[in-house]
Amino acid sequence: MYSGYEFPIQSGEIVTFGTDPQFCQIVLESSSIEGRYCTVSYNNQKGNYTVVDYSSAGVYLEDGDRIAGNVSVLLDGKTNIYLGDRSNGFRLG
């Protein structure tokens, strides 16, 4: 759906991914995505991203590791994340 699309995130801004347009800036249409799936924010001073997974299906990294749920996880730019499965992939930075 969003293949190749860029979502600019300003430093300190929190962007929510999910299916619920009332709460999400990035609205996904997928049966594997929940209403409020995860948030992503960017820190331009440190050059990293903070991801918080609120889902039951998980946010995964390129190597298949699942990030911890309901906690802030710091990730470097150029990191690929996957929401539930590889059909919902995004590259940070």
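Predicted model: local features only at pLDDT ≥ 70, side-chain atom pairs only at ≥ 80, totals over all residues.
User: How many helices and how many strands are in the protein chain?
Analyst: Helices (H or I, at least four residues) and strands (E, at least two) are DSSP runs, numbered from the N terminus. Along the sequence the pattern reads β-β-β-β-β-β-β-β. The chain therefore has zero helices and eight strands.

User: What is the radius of gyration of the protein chain, and what does the globule rule give for 93 residues?
Analyst: The radius is taken over C-alpha atoms, and the globule rule is 2.2 Å times the number of residues to the power 0.38. The chain is as compact as a globular protein of its length, because its radius is close to the rule's value. Both the radius of gyration and the value from the rule are 12 Å.

User: In what order do the five strands of the open sheet with mixed pairing lie?
Analyst: Two strands pair if DSSP finds at least two bridges between them. Strand β3 (residues 38-43) and β4 pair in the antiparallel sense over six bridges; within this pairing, asparagine 43 has asparagine 48 of β4 as its bridge partner. The edge strands, each pairing on one side only, are β2 (26-27) and β6 (73-76). The order is β2-β1-β3-β4-β6.

User: Which are the edge strands of the sheet formed by three strands?
Analyst: This open sheet has the order β5-β7-β8, with antiparallel pairing. Three bridges join β5 to β7, and three bridges also join β7 (residues 80-83) to β8. The strands that pair on one side only are β5 (59-61) and β8 (89-91).

User: Which residue in β8 is the bridge partner of isoleucine 81?
Analyst: Strand β7 runs antiparallel to β8. Their hairpin has five residues between the strands, and in it glycine 84 takes a positive phi near 80 degrees. The partner of isoleucine 81 is phenylalanine 90.

User: Is serine 55 buried or exposed?
Analyst: Serine 55 lies in the loop between β4 (48-53) and β5. Buried means under 20% relative accessible area, exposed over 50%, and partly exposed in between (1.4 Å probe, protein chains only). The relative accessibility of serine 55 is 11%, so this residue counts as buried.

User: Which residues does serine 55 touch, not counting residues up to four places away in sequence?
Analyst: A contact means heavy atoms within 4.5 Å. The side chain of serine 55 also reaches the backbone nitrogen of glycine 58 at 2.8 Å. Beyond four places in sequence, the residues touched are Glu34, Tyr37 and Arg66.

User: What percentage of the 93 residues in the protein chain is buried?
Analyst: The C-alpha atoms fill a box of roughly 35 × 30 × 25 Å, taken along the principal axes. Of the contacts with a separation of 6 or more, 31% are between residues 24 or more positions apart. The buried share of the 93 residues is 37%.

Conventions: Residues numbered from 1 in each chain as written. Heavy atoms only, no water. Polar contact = N/O pair within 3.5 Å; in protein donor to acceptor, adjacent residues only side chain to side chain.
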